[in-house]
Amino acid sequence: MNLQKLLLCSCLTFSSLAVWGVDVMEFHCKRSEKGYTEEYEMKLTLASGAQKAKVFLDDRDLDQSDAYGKQVVKSVTLARPNILIQIDASFEPENVMGVIYPAGTVSTNMTLDPVTGKLKKVEKIQGGILGETMGNGTYVSEETCLPSKMPYKAK
């Protein structure tokens with residue numbers, strides 16, 4: 001019985017991805033907080049073959065790693081009508097102007113409804129400079145992200 005349910009769920013998942021028939025989506029986003037507004041472009045590419053899912057903000061790849069830490073796009077999932085995005089980041093201890101901050105992590109889960117443009121972001125902050133300045137915990141925010149181009153297949 002469980003095998004049948006698993007097979008049915010797998011078929012529904014793959015058929016919904018095929019129906020979307022896209023692997024690149026582009027959005028124009030707007031974030032407003034405390035009287036400050038920022039606009040940016042977000043591009044999502046879905047995983048295909050050996051290529052993992054990617055997220056770009058203003059053409060900057062969010063998969064990054066350097067001496068200060070690492071940020072990884074864990075997944076971009078089409079779950080009609082929403083797009084689910086998971087990003088994890090970890091930061092090494094830092095010394096900023098003589099103040100030493102411990103290592104930290106940020107786990108971000110986003111839900112984007114491309115029809116309404118509502119982007120809900122849930123960030124869990126633990127330690128690091130963000131934990132010290134903002135406080136450890138879970139933070140929820142909303143932004144607006146509307147399609148800026150029709151979804152398309154990458155060449």
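**Stop one: a charged cluster**

Select Glu38 and Arg31: the two form a salt bridge, with the closest N and O atoms 2.8 Å apart. (A salt bridge here is a side-chain nitrogen of Lys or Arg within 4 Å of a carboxyl oxygen of Asp or Glu.) Before going on, note that this is a predicted model, where local features need pLDDT of at least 70 and side-chain atom pairs count only at pLDDT 80 or more, while totals for chains, interfaces and linings use all residues. Residues are numbered from 1 along each chain as its sequence is written, and side-chain values use heavy atoms, with hydrogens and water left out.

Is Glu38 buried, exposed or partly exposed? Glu38 counts as partly exposed because its relative accessibility is 28%. The cut-offs: buried is under 20% relative accessible area, exposed is over 50%, and partly exposed is in between, with a 1.4 Å probe and protein chains only. Arg31, at 24% relative accessibility, also counts as partly exposed.

Arg31 lies in strand β1 (residues 24–33) and Glu143 in strand β12 (residues 137–152), so the pair ties together parts that are 112 residues apart in sequence. (Helices are DSSP runs of H or I with at least four residues, strands are runs of E with at least two, and both are numbered from the N terminus.) Glu143 is buried, because its relative accessible area is 6%.

Show Lys121 as well, and you have the whole group: Arg31, Glu38, Lys121 and Glu143 are linked in a network of salt bridges. How many salt bridges does the structure hold? The count is 8.

For another one, pick Lys54 and Asp63, whose closest N and O atoms are 3.1 Å apart in their salt bridge. Both Lys54 and Asp63 are buried.

Cys29 is in strand β1 and Cys145 in strand β12, 116 residues apart, so the pair links distant parts of the chain. Look along the S-S bond: the link of Cys29 and Cys145 is right-handed, with 120° about that bond. Cys29 counts as buried because its relative accessibility is 0%, and Cys145 counts as buried at 0% as well.

**Stop three: a charge over a ring**

Next, select Lys43 and Phe56. Lys43 lies over the face of Phe56, at 5.4 Å from the ring centre. (To qualify, NZ of Lys or CZ of Arg must be within 6 Å of the ring centre and within 35 degrees of the ring normal.)

Go to Pro81, in the loop between β6 (69–79) and β7 (82–91). The peptide bond from Arg80 to Pro81 is cis, with omega near 0°.

Then jump to Lys34, in the loop between β1 and β2 (36–45). Phi of Lys34 is near 50°, a positive value in a residue other than glycine. Lys34 is exposed, with a relative accessible area of 82%.

Where does Asp59 lie? Asp59 is in the loop between β3 (54–57) and β4 (60–61). Its phi is positive, near 65°, in a residue other than glycine. With a relative accessible area of 70%, Asp59 is exposed.

**Stop five: a nonpolar patch**

Switch to a surface view and colour Phe91, Leu130 and Met134. These form a nonpolar patch on the surface, with about 240 Å² of accessible area together. (Patch members have over 30% relative accessible area and no salt bridge; like charges are joined within 9 Å, and nonpolar side chains (Val, Leu, Ile, Met, Phe, Trp, Tyr) within 5 Å. The areas come from the Shrake-Rupley method with a 1.4 Å probe, and for residues only the protein chains shown count as cover.) Leu130 is in helix α2 (residues 128–134) and counts as partly exposed because its relative accessibility is 31%.

**Zooming out**

Finally, go back to a cartoon of the protein chain, which comes to 2 helices and 12 strands. From the N terminus on, the elements run α-β-β-β-β-β-β-β-β-β-β-β-α-β. Of the chain's 155 residues, 28% count as buried.

Definitions and conventions: A disulfide is a pair of cysteine sulfur atoms within 2.5 Å.
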